[in-house]
Amino acid sequence: NPYAGLGSRLRAAWLSGKTRPVEYRVAQLEALGRFLEEKKQDILEALASDMRKPPFEVEISEISICRSELNYALNNLGSWMKDEHVEKNWVTQLDSAFIRKDPYGVVLIIAPWNYPINLLLVPLIGAIAAGNCVVMKPSEISKEVEKLVAEMLPSYLDKDCFAVVTAGVEETNKLLENKFDYIFFTGSPSVGRIIMTAAAKHLTPVTLELGGKNPCYVSDTCEVHNVARRVAWGRFFNAGQTCVAPDYVLCSVEMQDKLMPALREAITEFYGPNPQESPDFARIVGDKQFQRVRALLSSGRVAIGGQTDEQERYI
């Protein structure tokens, strides 16, 4: 297995106790903060290249969220690491009873392409704060971010304890054959099943954050222009490539008659008369996703828009 040596090296580092002291965890978290600060422009350019994500969207959905998570971890790390004393029952009367929070060991984080910085680094922050060694697998679909993370992030973190693996589907399956102590995966339910099956062989606990359906109910008493702006913002942020974006709207026929023109107005307000020319509207990440989403247009009646450009991956 091509990753067996990597797993053994990180496990040896973890067993040495290197990641346990609070000073070590703080130093690694602060180094991650420097990466975000010093490589901000590179992150903006990589996301612009992968899906033409606007700088404002990158700032609030990728960089700021990571900074916030970092600050929260640094401010609370001391209290998180303390033993938690608990009440005794008659069995434990003669004992000292407490909960000790130990690291899992070697953690695997598999990130998706839609928020490739946020959904790689936020789990990483938690894993570092908890005293683990980590293997990171950025998405191969967001190619420029994958390249950026693989080339630049390791120079900020301790190479004995943290590693970035670039891998496609076949290589990821090989990676999953190795024993990890925790796996964090964000992505589709179909891939989630593969991850969980691989984890079960080693009894590895997992966190799976999987895409689903997100209906949006609009009651007849809603203020229609507020609703339209909120639905349009949630749906078209990142060109709709968000697991919690509204998938569909449920409302009465009366509300639909009011909502449609309000949505048209909100979209024009946000992105102008031709969203393709707007600097604030992203693109679909890859050809496969573009073809899939474009095919949805034929499954109903297009009410607003519907224009596509395959070369730009614009919908």
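Does Lys213 count as buried or exposed, and at what relative accessibility? What follows answers this after the overall layout has been set out. Is Lys213 buried or exposed? With a relative accessibility of 59%, Lys213 counts as exposed, where exposed means over 50% relative accessible area, buried under 20%, and partly exposed in between (1.4 Å probe, protein chains only).

The model is predicted, so local features need pLDDT of at least 70 and side-chain atom pairs count only at pLDDT 80 or more, whereas totals for chains, interfaces and linings use all residues. Residues are numbered from 1 along each chain as its sequence is written, and side-chain values use heavy atoms, with hydrogens and water left out.

The protein chain is assigned domain 1 (3-210) and domain 2 (215-297); such bounds come from an automatic or database domain assignment. The centres of the two domains, taken over C-alpha atoms, lie 32 Å apart. Domain 1 contributes 13 residues to the contact and domain 2 contributes 16 residues, contact meaning heavy atoms within 4.5 Å.

The size of an interface is often given as the accessible area lost when the parts come together. Between domain 1 and domain 2, the buried area is about 1300 Å², and carbon and sulfur atoms give 55% of that area. Buried area here is the accessible area (1.4 Å probe) that two parts lose on being put together, summed over both. Five residue pairs (both at pLDDT 80 or more) are in polar contact across the interface of domain 1 and domain 2. A polar contact is a pair of N or O atoms within 3.5 Å; within protein, one must be able to donate a hydrogen and the other to accept it, and residues adjacent in sequence count only if both atoms are side-chain atoms. On the side of domain 1 that touches domain 2, helix 3 (40-51) and helix 4 (55-81) are the elements that give two or more residues, and helix 4 gives the most, with three residues. Helices (H or I, at least four residues) and strands (E, at least two) are DSSP runs, numbered from the N terminus.

The count of salt bridges between domain 1 and domain 2 is zero, while the structure holds 17 salt bridges. A salt bridge is a side-chain nitrogen of Lys or Arg within 4 Å of a carboxyl oxygen of Asp or Glu. Lys213 forms one with Asp247, and their closest N and O atoms are 3.3 Å apart. Lys213 lies in the loop between strand 7 (206-210) and strand 8 (215-217), and Asp247 in the loop between helix 9 (224-236) and strand 9 (248-250), so this pair ties together parts 34 residues apart in sequence. Asp247, at 33% relative accessibility, counts as partly exposed.

Glu269 and Arg229 also meet in a salt bridge (2.6 Å, N to O). Glu269 is in helix 10 (residues 253-271) and Arg229 in helix 9, 40 residues apart. Both count as partly exposed, Glu269 at 49% relative accessibility and Arg229 at 36%.

Two buried residues complete the picture. Gln289, in helix 11 (residues 287-296), counts as buried at 11% relative accessibility. Apart from its neighbours within four places in sequence, Gln289 is in contact with Trp113, Ile141 and Ile284. Ala199, in helix 8 (residues 189-200), counts as buried because its relative accessibility is 3%. Not counting residues up to four places away in sequence, Ala199 touches Ile183, Thr204 and Val206.
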